Amino acid sequence: MKKTDPKDFLQPEPVPEEGIKRAVEIMRSGKLFRYLQSKPEDSEVALLERDFARFMGVNYALAVNSCSSAIVIALRTTGAHVGAKILVPAFTFTAVPSAIVNIGAVPVVVECNKDYRVDIRDLEKKITPEIRIFLLSHMRGNTSDMDAIMNICRERSVTVVEDAAHGLGCKWRDKLVGSFGVAGCFSFQSNKIVNAGEGGILTTNDPKIMAQAVILSGAYERLHEKHFWSEDLNEFFRHYRKLLPLFNMRMTEYAAALVRPQLPLIEERGVVFRKNYAYLTAKFAVSESIELPVQDARELRAPDSLQFRVRDFSPVQMKQFMQEVRAAGLPLSAFGADDDNARVPWNWQYIGNAPDVPMTKSYLANACDMRLPSTLKNAHLDFLAETILAAVRKVQAS
């Protein structure tokens, strides 16, 4: 098989020249701080907030320095407090339960099923009377059953906050992921569909949440006036501006300049991701050993990564499989076979006792993970599939 450069599989999404040019202009001006601009129309961050809210079809958006910051702020504005128990899926990145711990709350881990989605039965079981918030993570863009989740949480008076770091551009029944809960949190880190190196944004339709979020993010004194906000926020700003502490989690002007020209590319990149994923699905169909997640007809994904399980391999065989794949030059990662993977709950020792999630542990033991940047060509996809299938055959023959 033709070997490709491993770095191609780690390539971030490209930043348009328009964004680079604007970021350089901002750096030359020295006005990197959003509130140095005299009015919202002059601020790249404020313009990004306006544009992103329009894209998502929501009333408000607040740009911050990371998705983790957006999550922390969202939790603080939706009633999370020290000692509060907050639901979180077992399959997510460590930054998500970390956000819960970092505000002094306690993660309650919910099982995930073989398709990398929240297990609805375990969710229902884990909602006790003291649970008031579900921090729902759409990990790797796999959208859980939003019909069931929203119905259950509504019936049990549980507030849903969405971690949509991997869900930008995904839809459930034609509704954008991240717009279901009371707040949505998104990432512009380099491994995401929109690349600014670092950065995040919070969305909501609730003026009370947004007014608090703006202040918490770092809008001291009267700096909230340098946002594009409607009059319905003013009473909340007046109420909260001297009551809340500041985290200073603001986004820089040049980061926003990198993000804005990528917003119109989200749908285009989603088309490329779906085409490449379908191409790989056909390649893997020849093997009974490779198990891909079952797609839900209600969901439109933007699959910028690949997850699959190798059926029936023992832990020793999984280690051997990963060695073979990496020796061939493919930067594949494994949730269970890699000892320090940050996406599995048994490695979140900071949350205290290891969560009791046998279903998730069983499903992730043989699960693998691979980025699929939109810049990949068929030759890359061929190399990826052929390398994985050859490694499976070699381990089976040994």
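Which strands does helix H6 (residues 146–155) lie across, and at about what angle does the helix run to S4? Helix H6 lies across S4 and S5, and runs at about 170° to S4. Helices (H or I, at least four residues) and strands (E, at least two) are DSSP runs numbered from the N terminus, and angles run from 0 to 180 degrees between N-to-C directions, the axes being lines fitted to C-alpha atoms, for helices over the stretch in contact. Contact means heavy atoms within 4.5 Å.

This is a predicted model, in which local features need pLDDT of at least 70 and side-chain atom pairs count only at pLDDT 80 or more, whereas totals for chains, interfaces and linings use all residues. Residues are numbered from 1 along each chain as its sequence is written, and side-chain values use heavy atoms, with hydrogens and water left out.

**The sheet**

An open sheet of mixed pairing is formed by 7 strands in the order S1-S9-S8-S5-S4-S2-S3, where two strands pair if DSSP finds at least two bridges between them. Strand S1 (60–64) and strand S3 (106–110) stand at the edges with a single partner strand each, so one side of each is left without a neighbour in the sheet. On average, neighbouring strands of this sheet are turned by 20° against each other, direction ignored. Helix H3 (residues 67–77) lies across S1, S2, S4, S5, S8 and S9, and runs at about 165° to S8.

**Strand S8 and its partners**

Strand S8 (residues 183–187) is joined to strand S5 (residues 159–163) by 3 bridges, and the two run parallel; S8 and S9 run antiparallel and are joined by 4 bridges. Residue pairs across these strands are listed below.

| Residue | Counterpart |
|---|---|
| Glutamate 162 | Glycine 184 in S8 |
| Valine 161 | Alanine 183 in S8 |
| Cysteine 185 | Leucine 202 in S9 |

S8 is mostly covered, with 5 of its 5 residues buried, where buried means under 20% relative accessible area, exposed over 50% and partly exposed in between (1.4 Å probe, protein chains only). In a regular strand the side chains alternate between the two faces of the sheet. Ala183, Cys185 and Ser187 point one way from S8, while Gly184 and Phe186 point the other way.

**Asparagine 142**

The loop between S4 and H6 holds asparagine 142, which counts as buried because its relative accessibility is 0%. Leaving aside neighbours within four places in sequence, asparagine 142 is in contact with Phe91, Asp115, Tyr116, Arg117, Glu299, Arg301 and Gln307.
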